[in-house]
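We will go stop by stop.

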Amino acid sequence: MEPYLVSQSLSVNLSGCWLEHYGVTPSQFAELASRLESARHESVVTDVALMDSGEIPDQKIPLDGRFYQLPEVLLEDYNADRQTSELGQILSDARQLKNSSEAVVILGIGGSYMGAKAILEGCCEPYYNELSDGQRGGRPRIYFEGNSLDNDALQSLLARLADSRWSVVVISKSGGTLETAVALRMFLDALQQQYSADSDEIARRVVPITGASGRLDALGKSLGCKSVFRVPDGVGGRFSVLSAVGLFPAACMGVDIVQLLKGAAAMNETFRTAPADQNPVLQYVGAAHLLEQVRAIDIRVLSVWSKSLESAGLWYDQLLAESLGKAEIGATPVTAVNTRDLHSRAQQHQEGRRNKLIVNVTTRTTRTDRLQVPEREHDDDELNQLAGRAVPELLTAALQGTNQALQSAGRPVIDIELESTDAFSLGQFFQMMMLATVVEGRLLGINPYGQPGVEAYKRNMQSLLGIVKRKD
Ligand code: PA5
């Protein structure tokens, strides 16, 4: 395999966890190191061998660990053949969709859309949809639906799309999720009205991304969809951001999907090779796990210090909650965006119950020029003392001030620093958090894959609606 750059541009700092009465100690971390390394071995060696053999023991079912190898596999296939490889197909089909569409609606729920939303917010302009066509480089506006049952939101989007050239990317691994399937019907209906049921137009304007069988696959076939992508076997919804599920929408947005995968591959390389105390995945999991076991700290606040990382935080909320919230254990995730939420949540984080770990996620650089506080002739607001200071400088002071306050109050903090919110950094972050979730599950003795609890609401809802499953 091509050796990918070891991911030095993402760092984890645990010094905020080393607290005398309320945190944990470096020696406790050192004692955990061998268990962390065994959990790593289980996640990337034992699990891969089990999946390859096809003989998966009952207690490991479901085993959806293929996400781990995906970045390297996709990159290698692409290097071998730029046209026919999956990445080549994703890039060329996204280009075609871009040429034919002013807007693309991404239908999907949970793991089927949250990664794409995180990529849009992280890598694209904050006001992406408001830019002119030219400013977006001819790329389509992006909307997300099929992730709720919200009558008014559906109506508004359908109205917004009327009379424009638009397409649908519908993502559902099972192909049967009701929210997404119902939305597809609505949008399909609207497309058929708009294109007078011209089946060729419809076939080009609907791109299903789904499992190899199921109702969405069947619908895609009967519509004759020209582009269909697969959610690979052995990759679960919330672990699928670096498959076509996240990559096809990302390519439609003009995000460099090769860089996303290279970032993830770099994280894999570090994960495989670095010792526990220098390994971002194991550092993060080790400290979080110890705090939960030793101090009963089971609320995980991901404090992102950039608005563009809010959806990446929500993506991690889903990943952690659905993966480890089982058997009456598992940390509760919360995303906070700072400094915004310092004015809504920080009071509680600092002086509320001692059950929270704050995980700061910051970036080293900004994507645009640094804005400076302007000087004014009349200093009524007394801000001339800050004249010439850049906004990132103010943000750093807020971060350091918050960390100092948390430290004095004996509140544990982990600092994760990304280079930027570019595709490479986000790829690193996604892969780091997916690996971390699996390792944490193995430490807790919880199968991180599958979400049996969610099935109950689906069954109840279907029975309330009188839905009868057709026998195949
Ligand atoms: O992580 C998961 O597996 C879930 O959140 C799914 O992504 C979500 O339930 C949607 O499922 P599907 O893609 O089958 O429509």
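Start by selecting D415. Leaving aside residues up to four places away in sequence, D415 touches S11, V12, N13, N360 and N403. Keep in mind that this is a predicted model.

Now show the strand around this residue. D415 lies in β10, which covers residues 413-418. Is D415 buried or exposed? D415 is buried, yet it has no salt bridge.

Next stop: helix α1. Select residues 26-53, a run of 28 residues. From first C-alpha to last, α1 reaches 39 Å, close to the expected 40 Å. Where does α1 bend? Center on L32, where the bend is about 40°.

Color the buried residues of α1, among them F29, L32, A33, L36 and R40. Further along, D47, V48, L50 and M51 are buried too. What do the buried residues of α1 pack against? Show α10 (257-273), α11 (280-295) and α15 (423-444): these are the partners. Then step past the end of α1 to G54, which has a positive phi, near 80°.

Last stop: helix α6. Select residues 178-194, which make 17 residues. The helix reaches 24 Å between its first and last C-alpha, close to the 24 Å expected. Pick out its buried residues: L178, E179, T180, A183, L184, F187, L188 and L191. Finish on S196, which follows α6 and has a positive phi, near 45°.

Methods. Residues are numbered from 1 along each chain as its sequence is written. This is a predicted model: local features need pLDDT of at least 70, side-chain atom pairs count only at pLDDT 80 or more; totals for chains, interfaces and linings use all residues. Side-chain values use heavy atoms; hydrogens and water are left out. Helices (H or I, at least four residues) and strands (E, at least two) are DSSP runs, numbered from the N terminus. The expected span of a helix is 1.5 Å times one less than its number of residues. The bend at a residue is the angle between axes fitted to the seven residues ending there and the seven starting there. Buried means under 20% relative accessible area, exposed over 50%, partly exposed in between (1.4 Å probe, protein chains only). Contact means heavy atoms within 4.5 Å. Lys and Arg count as positive and Asp and Glu as negative; His and the chain ends are not counted. A salt bridge is a side-chain nitrogen of Lys or Arg within 4 Å of a carboxyl oxygen of Asp or Glu.
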